[in-house]
Amino acid sequence: MMQAMQLDAPGKRLRLVERPLPEPGPGQVRVKITACGVCRTDLHVADGDIHGLLPIIPGHEIVGRIDALGRGVKDFAVGDRVGVLWLGQTCGHCPCCRSHRENLCDHPEFTGFTRDGGFATHCLAEPRFCFPIPEGFDDIHAAPLLCAGLIGYRAYKLAGDAPVLGLYGFGAAAHILAQLAVWHGRKVFALPAKATQRGRRLRGNRLRVGRLRDRVPA
Amino acid sequence: MVCAGIHMSDIPGFPYADLWDECSILSVANLTREDGAEFLPLAAQVPIRTHVRPMPLGAANEALGRLRNGDVEGALVLVP
């Protein structure tokens with residue numbers, strides 16, 4: 001059996017449920033979960049700000065080890081440590097998938113939103129969307145990299161080569177991005193929503209902390 | 001201006017002059033596997049230090065509540 005925290009309807013508390021262990025279908029893997037980050041998107045799912053499948057097991061910053069393989073899986077073995085992400089599956093043949101924009105796939109599946117996610121002891125995943133976790137990160141510290149880090153990284157790339165960055169709202173993504181930006185030699189202004197969330201100074205004067213209403217100096 | 005959230009409150013009006021000079025506002029939708037293949041090794045190289053607070057799986061409601069109240073520094077992580 002597996003255990004999970006399940007959302008039955010928006011606005012309701014998640015409920016601890018027991019279910020039979022899911023068997024991986026052809027080409028799928030089953031992951032025994034060791035850590036799952038809690039993301040603001042999970043909150044939007046639970047509050048009904050966005051609408052996916054119900055009931056659903058939220059969670060999409062999953063770290064675990066593969067404990068069962070479906071038929072035909074060749075790229076992974078039982079015991080491999082993997083990360084499972086928000087983007088859980090894509091169709092592979094729509095115009096977006098064929099033009100390096102699979103993030104905008106016409107028929108995507110999202111982990112913890114339209115397919116069961118990581119607030120659980122186990123989940124199913126597609127090997128194409130499983131990532132090896134680099135050594136040097138333990139499971140718990142790796143979990144926030146998988147959405148806060150990755151979505152943050154995508155935002156960082158889209159910000160181009162600006163030498164000065166303002167991070168508005170200093171949450172999980174910003175606390176990762178600030179480190180990356182400082183490492184790249186950029187100046188970072190962190191503008192937290194609440195004084196209690198102030199980030200720490202990183203590497204001398206490259207990170208400054210202000211208030212959300214402040215303007216980032218040029 | 002890059003907005004990296006799946007849901008946000010409405011954007012208030014602002015002077016057009018702030019958008020002039022080819023400034024832009026855009027959102028980030030989801031991610032690609034390419035992003036993952038780039039970022040995870042980079043995170044190890046930096047190395048990124050994530051600030052985490054582990055909580056038991058059964059405390060998922062409490063974790064969501066803390067996020068709702070902005071009472072989180074770094075990231076909450078559920079451990080089954």
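# Close-up views of chains A and B

**View 1. Helices α1(A) and α2(B) cross between the two chains.** In this predicted model, α1(A) and α2(B) are roughly perpendicular to each other. The angle between the two helices is about 105 degrees, and their axes are 10 Å apart; an angle of 65 to 115 degrees counts as roughly perpendicular. Two packed helices are described by the angle between their axes and the distance between the axes. On the α1(A) side, the residues that take part are Arg40(A), Asp42(A), Leu43(A) and Ala46(A). They meet Leu64(B), Leu67(B) and Arg68(B) of α2(B). Sorted by class, this contact has four nonpolar and three charged residues, with no polar ones.

**View 2. The buried residues of helix α1(A).** Which residues of α1(A) are buried? They are Arg40(A), Thr41(A), Asp42(A), Val45(A) and Ala46(A). An α-helix has 3.6 residues a turn, so residues three or four places apart point the same way. Just past the end of α1(A) comes Gly48(A), with a positive phi of about 80 degrees.

**View 3. The side of chain A that touches chain B.** The contact between the chains draws 58 residues from chain A and 45 residues from chain B. On the side of chain A that touches chain B, the elements that each supply at least two residues include the strands β1 (2–6) and β3 (29–38). The helices α1 (40–47), α2 (139–142), α3 (148–158) and α4 (172–183) of chain A also each supply at least two. Which element gives the most to this side of chain A? It is α3(A), with nine residues. By class, the residues on this side of chain A are 37 nonpolar, 14 polar and seven charged.

**View 4. A strand of chain A pairs with a strand of chain B.** β3(A) is joined by three bridges to strand β4 of chain B, residues 75–79. The two strands run antiparallel. One residue to look for is Cys36(A), whose bridge partner in β4(B) is Leu78(B).

**View 5. Strand β5(A) and two of its partners within chain A.** Strand β5 of chain A covers residues 81–84 and is joined by four bridges to strand β4 of chain A, residues 61–69. These two strands run antiparallel, and Ile62(A) stands opposite Val84(A) in β5(A). Three bridges also join β5(A) to strand β9 of chain A, residues 130–132, and this pair runs antiparallel too. Here the bridge partner of Gly83(A) is Phe131(A) in β9(A). In a regular strand the side chains alternate between the two faces of the sheet.

**View 6. Two cis peptide bonds, one in each chain.** Most residues other than glycine have a negative phi, and most peptide bonds are trans. In chain A, the bond from Leu54(A) to Pro55(A) is cis, with omega near -10 degrees. Pro55(A) sits in the loop between α1 and β4 of chain A. In chain B, the bond from Val46(B) to Pro47(B) is cis, with omega near -15 degrees. Pro47(B) belongs to the loop between α1 (33–45) and β3 (52–56) of chain B.

**View 7. Two loop residues with positive phi.** His100(A) is not a glycine, but its phi is positive, at about 60 degrees. This residue lies in the loop between β6 (87–89) and β7 (109–110) of chain A. Is His100(A) buried or exposed? His100(A) counts as exposed because it has 9 C-beta neighbours inside 10 Å, and the cut-off for exposed is 12 or fewer. In chain B, Asp21(B) has a positive phi near 70 degrees and is also a residue other than glycine. Asp21(B) is in the loop between β1 (2–3) and β2 (26–27) of chain B. With 6 C-beta neighbours inside 10 Å, Asp21(B) therefore counts as exposed.

View 8. Chain A has four helices and twelve strands, and 45% of its 218 residues are buried. Among contacts in chain A between residues at least 6 apart in sequence, 62% join residues at least 24 apart. The mean pLDDT of chain A is 91, and 88% of its residues reach 70 or more. Over residues 195–199 of chain A, pLDDT stays under 50. For this stretch the model has 13 contacts beyond four places in sequence.

Methods: Residues are numbered from 1 along each chain as its sequence is written. Chains are lettered from A and ligands numbered from 1 in the order in which they are written. Two residues are in contact if their C-beta atoms, placed from the backbone, lie within 7 Å. Ala, Val, Leu, Ile, Met, Phe, Trp, Tyr, Cys and Pro count as nonpolar, Asp, Glu, Lys and Arg as charged, and the others, Gly among them, as polar. Two strands pair if DSSP finds at least two bridges between them. A residue is buried if 20 or more other C-beta atoms lie within 10 Å of its own, exposed if 12 or fewer, and partly exposed in between; C-beta atoms are placed from the backbone. pLDDT is the predictor's confidence in each residue, from 0 to 100. Axes are lines fitted to C-alpha atoms, for helices over the stretch in contact, and angles run from 0 to 180 degrees between N-to-C directions. Angles under 35 degrees count as roughly parallel, over 145 as roughly antiparallel, 65 to 115 as roughly perpendicular and the rest as oblique.
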